[in-house]
Amino acid sequence: MTTTDASHAALPAGVTDFLNRPVHHFIDGVDVASLSNDSFATFNPSDGTPLAEVALGSTVEVDQAVAAARRALDGPWSRMSESQRSKILWRVAELIDSRADEFAILEALDSGKPATYARAVDIPLAVDWFQYFAGWPTKLEGTTIPVSAVATPGNYFAYTVREPIGVVAAVIAWNFPLMLAAWKLAPALAAGNTVILKPAEQTPLTATLLGELMREAGVPEGVVNIVHGYGHDVGAALAAHPGVDKISFTGSTEVGKSIITAASGNLKKVTLELGGKSPNVIFADADLDAAIAGAANAIFFNQGEACEAGSRLFVERAVYERVVDGVAAVAGQLTVGDSLAPDSQIGPLVSQRQLERVLGYLDSGHTEGATTVTGGRRKGDVGYFVEPTVLTDVTPTMKVVTDEIFGPVVTVTPFDDGDDLLRAANDTSYGLAAAVWTRDLTKAHNVAAGFKAGTVWINSYHVLDPALPFGGYKQSGWGREHGAAVFDAYTETKTVILDRG
């Protein structure tokens, strides 16, 4: 494992200009300072230095944003044709693509992920999401249904239509800031809703730039609003607000449960994409080179700060030592460093708080008897870096096995029997994702059928596409993001019955 750093002195002019401006809310089509003039600081995870001062929102700004969204819902957005909405969403995609380098650098500075990864993954996927959902406004169709119940004789014509659910509050996490904003905004807008976006307080920058592009793309005033602030203030106010019809949240299971309670006031619709502790299974007959590389990518990609990360690795005993050695070797060769350094493969964790959380789990694993094969420590004393870590000799009750760590830490467990494997793999309160590596496709499909998870990868990991439904079983969430399935979350189905006499 090597370490690298980079100077921030030579940022592109567009990024420098952006960082030199106040980070305001975006309400009713204009930049808005907080009424209280209060702000909060964000920090560069690579060195812990202040990065930006951000307008601190409150219930006042939430009320303003909800009022703007309701006006827009009943005004220009509802009167706009489906074709016009499609063109605007496509234009948003073009504008993101045209400023991809700025977005990638801001994402790296804000979240700690390597800029090279953001440029290759996060930004292109955000573009893909807006382009994919740009095609949907003209395709949200209803159906005609025969009425044949004997208790209602007559000559009826019945049909269904899909209508926007209304004002949507989208509350997103800090691990993929721009991508998660796209995941929420693109389908919600395609369905004709208006949106209030609440970015994570740790990573507000790319959402703010996205708001500027929304205006440039021709999104009418009030259709998209962005309110910055803390989850316990702004997020809670949105979840409880009677003017919000739907809340879509990505984040921790603990916060998701509090959102359910807050949303009960007006029975607003809720979609939750929450935590994970995903099992990743390698059989002895797998292509082991591919499986080892895939297992390392499953956990170390994005510093392990991914809800679907393959954090519990199960390996058939016959190849256990080889896989452990292989994944540990990959971990040891990864370049850990400043998010702007071109050779960085592992950046810092997002915050001091997250650093302390992950280090706390590593201490817990050591205390409970886990063996650290590689890593297991903070890297350096500047920035929020943690060494990519492989733990063995773990038991099912250890916190490193049961809890979502959200860092570059994988536990490895041997198995002998397929039934015992599935019981162990499903022995978790989560059910977001899972993976299996084998050359035997019958075995692969049987294991996939046994997983209690919303997404199962076979001989692959982290494969995402805007057309593929994504969401969790059990305490990993409610509902599905992406694809045609997402519109169940962003539309109401109206049934109309006509007596033709």
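How many salt bridges does the rule find across the interface of domain 1 and domain 2? The count there is 0, where a salt bridge is a side-chain nitrogen of Lys or Arg within 4 Å of a carboxyl oxygen of Asp or Glu.

## Ground rules

This is a predicted model, so local features need pLDDT of at least 70 and side-chain atom pairs count only at pLDDT 80 or more, while totals for chains, interfaces and linings use all residues. Residues are numbered from 1 along each chain as its sequence is written, and side-chain values use heavy atoms, with hydrogens and water left out.

## Two domains

The protein chain splits into domain 1 (15-274 + 478-495) and domain 2 (279-465), with bounds that come from an automatic or database domain assignment. Their C-alpha centres sit 31 Å apart. Contact (heavy atoms within 4.5 Å) involves 30 residues of domain 1 and 28 residues of domain 2.

Together the two domains bury about 2300 Å², with 64% of it on carbon and sulfur atoms. Buried area here is the accessible area (1.4 Å probe) that two parts lose on being put together, summed over both. On the domain 1 side, Ser46, Tyr117 and Trp174 lose the most area to domain 2, together 24% of what that side buries.

A nonpolar core is a set of buried Ala, Val, Leu, Ile, Met, Phe, Trp, Tyr and Cys residues joined through side-chain atoms within 4.5 Å. Buried means under 20% relative accessible area, exposed over 50%, and partly exposed in between (1.4 Å probe, protein chains only). The largest core has 114 residues, and Ile96, Phe130, Leu185 and Phe300 have the most contacts inside it. A second, separate core of 25 residues includes Val66, Val171, Ile259 and Ala263.

Helices (H or I, at least four residues) and strands (E, at least two) are DSSP runs, numbered from the N terminus. As for H7, 14 of its 14 residues are buried. Its 14 residues reach 20 Å from first C-alpha to last, close to the 20 Å expected at 1.5 Å a residue; that expected span is 1.5 Å times one less than the number of residues. After H7 comes Gly192, with a positive phi near 95°.

## Salt bridges

The rule finds 18 salt bridges. In one of them, Glu481 pairs with Lys184, with the closest N and O atoms 2.7 Å apart. Glu481 is in the loop between strand S21 (477-478) and H17 while Lys184 is in helix H7, so this pair ties together parts that are 297 residues apart in sequence. Glu481 is buried at 2% relative accessible area, and Lys184 is buried at 1%.

Arg162 and Asp488 also meet through their side chains (3.3 Å, N to O). Arg162 belongs to strand S7 (residues 156-164) and Asp488 to helix H17 (residues 487-490), so parts 326 residues apart in sequence are tied together. Arg162 is partly exposed at 30%, and Asp488 is exposed at 57%.

## Two positive phi values

Most residues other than glycine have a negative phi. Asn37, which is not a glycine, has a positive phi of about 65°; Gln303, not a glycine either, has one of about 60°. Asn37 is in the loop between strand S3 (30-32) and strand S4 (39-43), and is exposed at 65% relative accessibility. Gln303 is in the loop between helix H11 (288-300) and strand S14 (312-316), and is buried at 1%.
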